[in-house]
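Please look over the structure shown here. The numbered points after it are intended for a colleague new to the model.

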Amino acid sequence: MTDAAAVSAADAADDEVALEVIRIVAEQAVLDPSEVKLTSTPDELGIDSLGMVEAVFAIEEAFDVSIPFNANDPAQSEFEIENVAAIVAGVKRLIAAREA
Amino acid sequence: MSAPSGARRVVVTGMGVVSALGLDAPAHWAALKAGVCGIGPLELRDLDRLSAKVGAQAKGFVGEDRFDRSQLALYDRHTQFALTAAAEAWAQADPGLSEEEALRAAVVIGTALPGMQTFDDSYRAVFEEGRSRVHPFVVPRLMVSAPASHISMAHGLKGPTFSVSTACASANHAIGQAFHLVRSGAAELAVAGGAEAPLTFGAMKAWEGLRVMTRDVCRPFSKGRAGMAIGEGAGVFVLESRDRAEARGATILAEIAGFGMSADAGDIVQPSADGAARAIRAALADGGLAPEEIVYVNAHGTGTAANDRTETAALRAVFGGQADALSVSSTKSMHGHALGAAGALEFAAVLGALGEGVIPPTVNYEAPDPECDLDVTPNAARTREVPAAISNAFAFGGLNAVLALRRG
C-alpha cells in the first residue's frame with residue numbers, strides 16, 4: 001500500500017482521477033464522498049460483487065477505459081480492487097496505456 | 001412429500017437433441033461419452049467487439065437447410081432447434097396417439113431468453129440501419145411460447161401447452177411441469193424440454209457485462225476455473241405413463257421418479273447452498289428415493305467460482321457421507337451453458353448414463369479445488385451402473401429445480 005492510500009478523500013482534492021473514482025464508489029455505496037477514504041475496502045463500504053461489477057462499469061464509462069475485472073474470481077483479476085487507492089492506481093495505469 | 005397414492009408412473013420414450021456436440025441425440029451422447037469439448041471460437045456478427053469470443057455453437061445447424069422460406073419467416077433459431085429436437089423425439093417415441101388422446105397431449109418448453117436473433121436483427125434494422133419497418137412476424141417469432149406453439153401444431157397436440165421461463169432452470173422446470181401433468185393424469189402424454197439460441201451480439205454483450213465469462217474454455221469444479229461459456233441448442237422428450245408405454249411395447253429410456261423445486265429468496269445472482277439442497281431433498285422425497293440410491297449427479301456446474309463451490313456444499317449437505325460415493329459431472333464443460341435449454345441437454349446426458357451405464361465426464365479439468373472435493377469424473381467417461389440419478393438446475397434469481405430419474 002502506498003502512503004497516498006492513507007490519506008482521505010479531502011487530501012485527494014487535486015487528483016481528478018481519485019476524486020472521480022471516489023465519487024463513483026460513494027454513489028455505489030450510497031455514502032457521501034467524504035466518507036470514502038483511499039484506504040476503504042469494498043467490504044468496509046458494503047459493496048458486494050454485484051455492486052463492484054456496477055462500479056467498474058461506471059468507472060469504465062467515466063474514463064473510457066476497459067477494466068480487466070473478473071467477477072468470477074476477483075483475486076485472479078489483472079485489476080486490483082483491494083481498496084480505493086488500488087482502483088485509482090489501476091485506472092491511472094489504464095489511462096496511461098490508452099494515451100501511450 | 002412423496003407422490004400421491006394411485007399416481008401414475010412417468011417414463012421417457014423419446015429423445016431429441018440439437019447442441020454444439022451434435023444435431024441429433026445419438027451424436028450428442030456419443031460426443032458426451034467421448035469427452036468432446038464443443039466450446040470454441042464463435043462465429044457471429046461483430047465478434048471483434050466482444051471480449052468473450054468463445055461459446056458452444058451448433059455450427060452445423062443451418063435453418064435454411066431444414067425449413068422452407070415461409071417457415072423461416074416464423075421461426076427464430078430457438079424455435080428451429082425446438083422443432084428439430086421435437087421431431088426426433090416424436091419419431092423415436094412413435095406414440096400412436098388417438099384423436100381423443102391428442103386432446104390431452106401436453107407441450108411444455110423452457111426458454112430463458114427467447115427470440116434473441118430476432119431482437120438482434122430487428123434492433124439493428126431500426127436503430128443501426130435507420131430503417132422504418134421490421135419483418136411483419138417479429139412478434140410471433142420472439143414470443144417465449146413460440147416453440148411450444150409450433151411443436152403443438154407440428155404434431156397435433158391439443159392439450160395443456162405453455163412455456164416456462166426460469167432463467168437457467170427453465171428446462172428442468174418445464175420437464176418437471178410435464179411430469180406433474182402426466183403423473184396426475186391431467187395429460188395423457190407430454191412433449192417437454194428446453195430450447196435456447198442466445199449466441200447473438202446483443203445477448204453476448206449483456207453476458208459480458210456480468211464479467212463471469214471464460215475467455216477460453218469452461219472448467220467446472222476445477223482449480224483455476226474462469227467462468228462460464230454460453231451454449232445453444234434444444235433437448236425435447238416424450239413423456240407418458242409407464243402403463244401406456246408398456247401396453248404399446250415402447251422402448252422406455254428412463255423413469256422420471258421425482259421433481260423438487262425451491263427458491264433461495266436471497267440474491268439475484270449469488271447461489272445458495274441451502275436453496276439448492278432443499279430442491280435436491282424435495283426431488284428425492286418426491287421420488288421415494290433414498291440418498292444412497294443415487295449414483296450419478298449431473299451438476300448445474302457452470303464453471304463459475306461461486307456456483308461450483310456452493311453446489312458442492314449443497315451435495316455434501318444432502319448426501320453426507322454418501323457424497324464421496326457419487327459420480328458427479330458437469331456436461332456444460334462440453335455443450336456449454338445453454339441457459340433455458342441447459343437442463344434439457346443435461347437430461348439427455350442423464351438418459352445416456354442410466355441407459356448405458358456410462359458417466360459422461362467433466363472435461364477441461366486441470367487440478368482439484370479443495371472447495372469442490374467431489375468425484376467430478378475429470379476428463380474421461382467412466383463405466384458405472386447407474387440405477388438412479390439426479391439432474392440439478394440452479395438459476396439466477398435463486399430458482400432451483402431438480403429432476404430425479406430411475407433406470408427404465
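This is a predicted model: local features need pLDDT of at least 70, side-chain atom pairs count only at pLDDT 80 or more; totals for chains, interfaces and linings use all residues.

1. Residues are numbered from 1 along each chain as its sequence is written, chains are lettered from A and ligands numbered from 1 in the order in which they are written, and side-chain values use heavy atoms, with hydrogens and water left out.

2. In an unreviewed entry, UniProt lists residues 15–95 of chain A as "domain: Carrier"; such annotations may be inferred rather than shown by experiment. Over residues 15–95, chain A is 56% helix and 0% strand, and the end C-alpha atoms are 14 Å apart. Helices (H or I, at least four residues) and strands (E, at least two) are DSSP runs numbered from the N terminus.

3. The structure holds 1 cavity of 30 Å³ or more. A cavity is a set of points on a 1 Å grid over the protein atoms alone where a 1.4 Å probe fits but cannot get out, and lining residues have an atom within 4 Å of a point. The largest cavity has about 40 Å³ of space, a volume being the space filled by probe spheres set on the points.

4. The lining of the largest cavity includes Val25(A), Ser40(A), Pro42(A), Met52(A) and Ile87(A). In chain A, α2 (42–45) and α4 (84–99) are the elements that give two or more residues to this lining. By class, the lining residues are 7 nonpolar, 3 polar and no charged; Asp, Glu, Lys and Arg count as charged.

5. His150(B) belongs to helix α8 (residues 146–155) of chain B. With a relative accessible area of 12%, His150(B) is buried (under 20% relative accessible area, 1.4 Å probe, protein chains only). Apart from neighbours within four places in sequence, His150(B) is in contact (heavy atoms within 4.5 Å) with Leu74(B), Tyr75(B), Thr79(B) and Leu83(B).

6. Most residues other than glycine have a negative phi. Arg211(B), although not a glycine, has a positive phi of about 60 degrees, and Phe221(B) has a positive phi near 65 degrees. Arg211(B) is placed in the loop between α10 (201–210) and β7 (233–241) of chain B; Phe221(B) is also in the loop between α10 and β7. Arg211(B) is buried at a relative accessible area of 13%, and Phe221(B) is buried at 0%.

Conventions: Buried means under 20% relative accessible area, exposed over 50%, partly exposed in between (1.4 Å probe, protein chains only). On a 1 Å grid over the protein atoms alone, a cavity is a set of points where a 1.4 Å probe fits but cannot get out, and a pocket is an open set with protein on both sides within 12 Å along at least five of seven lines; lining residues have an atom within 4 Å of a point.
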